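Try each task yourself before you read its solution.

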Number of protein chains: 2
Amino acid sequence: MELGRIGAIEGTTGCARLALTDDDKAGRDLVWTWMDELGLDITTDGIGNVVATMPGFDPAMAPVMTGSHIDTVATGGKYDGNLGVLAGLEVIETVLTSGRELQRPLAVGWFTDEEGARFPPDMLGSLVYVGGMPLEQALEITDDDDVSLGDELDRIGYRGAAPTPGRVPHAFVELHIEQGPVLEDEDITIGVVEGVQGISWTELTLTGQSCHAGTTPMRLRHDPGYVAADVTTFVRQLTADLGGAQVATVGAVTLTPNLVNVVPSTARMTVDLRNTDDEVLQLAETRFRGHVAKVAEQEGVGVETRTLARFEPVDFDARLIELVETGARERGFSFKRMPSGAGHDAQMFARICPTAMIFTKSVDGISHNVNEYTEPIDLEAGANVLLDTLLALTEMEFA
Amino acid sequence: MELGRIGAIEGTTGCARLALTDDDKAGRDLVWTWMDELGLDITTDGIGNVVATMPGFDPAMAPVMTGSHIDTVATGGKYDGNLGVLAGLEVIETVLTSGRELQRPLAVGWFTDEEGARFPPDMLGSLVYVGGMPLEQALEITDDDDVSLGDELDRIGYRGAAPTPGRVPHAFVELHIEQGPVLEDEDITIGVVEGVQGISWTELTLTGQSCHAGTTPMRLRHDPGYVAADVTTFVRQLTADLGGAQVATVGAVTLTPNLVNVVPSTARMTVDLRNTDDEVLQLAETRFRGHVAKVAEQEGVGVETRTLARFEPVDFDARLIELVETGARERGFSFKRMPSGAGHDAQMFARICPTAMIFTKSVDGISHNVNEYTEPIDLEAGANVLLDTLLALTEMEFA
């Protein structure tokens, strides 16, 4: 609740801490203080990822790591990401308070710009952490105002010295709200996450000919706004045609000059396609691109296509999935194996170490929205399963 | 060219003087100076319309009036509106210089917020001038930042004391660029405008449910951006179905929060429908509204509908149309009778006095665009036909 007051959106219970803004800095400073108060060893790397590790272990020993992110979308809630970081801190505090001796240290991290709402792609910090993008390339990414990520990191004082790629953890487990309606619909407490949907983000810049809305016959128009609309209805139809887990979203459309009586000169739009099956996702991408080319040519509108993000579906580690399920069962919680519809930092860690995720309910399935909410009893359930899973992992060796 | 330097858009030949901005004020001040230098009697009314009349006549004698507007859209050119005001000034200067005695005074005016790009509806100043909207109502209209027209008039010092409705002219003639491709396509110098298309502007505010783009199954979505896209493709299809002069434009679409991975909570859009035939225009409106209701209900999205502007098609005065045609013929210019696809201040004056319009070519039919252009030879041709028409009207009495 204290972290959620930073960037709070007036008149709502939501908050806005877009990556590397002043509010994100204030949130970082607060969580840093809490890490410091627990006496943890804190490192910041070149992309601003912050990892806090229990002290007193052989430095060569890889920690069992948990964590998530503390940036939000522009109209976000308190729980998305933040839950995983704060629950990780609470697990460590619980262990430290109990005096229990561990065979491996625990670590908790937060990863820069997970939302990608300011600097695409999403999960950027964890992508750089696992070596999926060179640091130099990430630092040059700019926001809509052409401000670079590197400059913003410097401005808020979070460009650190720890190297990237970062240290490979022994294992990684992330607790997160579901951000969807499934657990609540089926009245289940714990989601045992088996993997993550593949994600394909495309930005289209459509360029036509601005002209007067009253005097230009329809046959002479080159209207990029019309093409954007046609593509939007096409991808909706595509989800019906492909069925299954296929989803498609046009979340952003910007017309220029955006006036009632002027045919726009340009339209910029984003298309978000996701599927658990990469073959079907590739088919969706192919059909989408084919349709864009066709309708743009018909309208005499130019197309520039930019891939903002492309992640294949991810399968989590079967041994860790089993551990999470065991934890939920032994605590007496109802549970269900399920995929994640959203991207998460954990899917990056799945590239370098055994990884899994734990979901807790989202009321009404609402997320990326100021009305995002999870009951305290569900937050506690998730944190307890995280505790059990992390402790089990300190004693588990992998082949 | 001097007026066009005020609000000039860097790197282009266009300019931006949205109504009642600082740049609009600077443009007004400059044209005021020119009116004053000619020794004209200048009045400003309560909506900021400025009219300059030749002095030395019986104050009871209604002037032959010309004029247009000097505000522009955000990405406008130098000619739209401004031509009619400056040509009117040149006509008066020519008469004054020649020493010719007139039976009636000439007057030239510019009318506030013709574009409606900042304060809807368009042609607002002339609408108030002719008594089509009470002044008090017009002053309360707000822009997108909730700034009222009345406050902006006060701020720039153009809320005058002349009454509205304004003085009824003997007759009104407006010279304007065509803003469309017809004259150029047919290589014709003068458009003899017979009337103006009817205009219907609607703003739709569509309210759905913001949610996460990855975790919300398609069947559970209430996506106002999808509805906006569907409506956009529908009105395009509607123009094909209705044929003839029917045009339809979606020039503005604003999604909130407008992020790649968030299904929008609201979409605001404008729909501009025009036709020379009011019956067909009404049919277009009915089908459009019916479709909006249907698709919004299917998607579970709320609709708020606001009429931003609604003007019936206007027929100009047959005697004045004849005069314009005679002027063009006697000057040896090719000419053609045609409707106006755009709205103009003249259509407001058609409510209170005999009215007509003169069109000159627009290169490539481009207007509401920085590349708007008309050759000097065509500007001169239009101004000469305006001169002849205004002079003839000073000697013509109407039954």
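**Exercise 1.** Which residue stands opposite A:Gly195 in strand 14 of chain A?

*Solution.* Please keep in mind that this is a predicted model.
Step 1: Begin with the two strands; strand 6 of chain A and strand 14 (residues 314–315) of chain A pair in the antiparallel sense, over two bridges.
Step 2: Within strand 14 of chain A, the residue opposite A:Gly195 is A:Asp315.

**Exercise 2.** Find the other pairings of strand 6 of chain A, and decide how enclosed this strand is.

*Solution.* 
Step 1: Look at strand 15 (residues 335–340) of chain A, which runs parallel to strand 6 of chain A and is joined to it by six bridges. Here A:Val192 faces A:Arg337.
Step 2: Turn to strand 16 (residues 355–360) of chain A, which is antiparallel to strand 6 of chain A, with four bridges between them. A:Gly191 has A:Phe359 as its bridge partner in strand 16 of chain A.
Step 3: Apply the burial cut-off: a residue is buried if 20 or more other C-beta atoms lie within 10 Å of its own. Six of the seven residues of strand 6 (residues 190–196) of chain A are buried, so the strand is largely enclosed by the rest of the structure.

**Exercise 3.** Work out how chain A and chain B are related.

*Solution.* 
Step 1: Two copies of a chain are related by a rotation about an axis and a shift along it.
Step 2: Chain A is superposed on chain B by a rotation of 180 degrees, with 0.0 Å of shift along the axis and an RMSD of 0.0 Å.
Step 3: The two copies are therefore related as by a two-fold rotation axis. In chain A, the C-alpha nearest this axis belongs to A:Ala229, at 2.1 Å.
Step 4: Now check the interface: 100% of the interface residues of chain A are also interface residues in chain B, so the copies meet through the same surface.

**Exercise 4.** Where does B:Leu20 lie, and is this residue buried or exposed?

*Solution.* 
Step 1: Most residues other than glycine have a negative phi.
Step 2: B:Leu20 is not a glycine, yet its phi is positive, at about 70 degrees. This residue sits in the segment before helix 1 (22–37) of chain B.
Step 3: B:Leu20 has 27 C-beta neighbours inside 10 Å and therefore counts as buried.

Definitions and conventions:
Residues numbered from 1 in each chain as written. Chains lettered and ligands numbered in written order. Predicted model: local features only at pLDDT ≥ 70, side-chain atom pairs only at ≥ 80, totals over all residues. Least-squares fit on C-alpha atoms with pLDDT ≥ 70 in both. Contact = placed C-beta atoms within 7 Å. Buried ≥ 20, exposed ≤ 12 C-beta atoms within 10 Å, placed from the backbone. Pairing = 2+ DSSP bridges.
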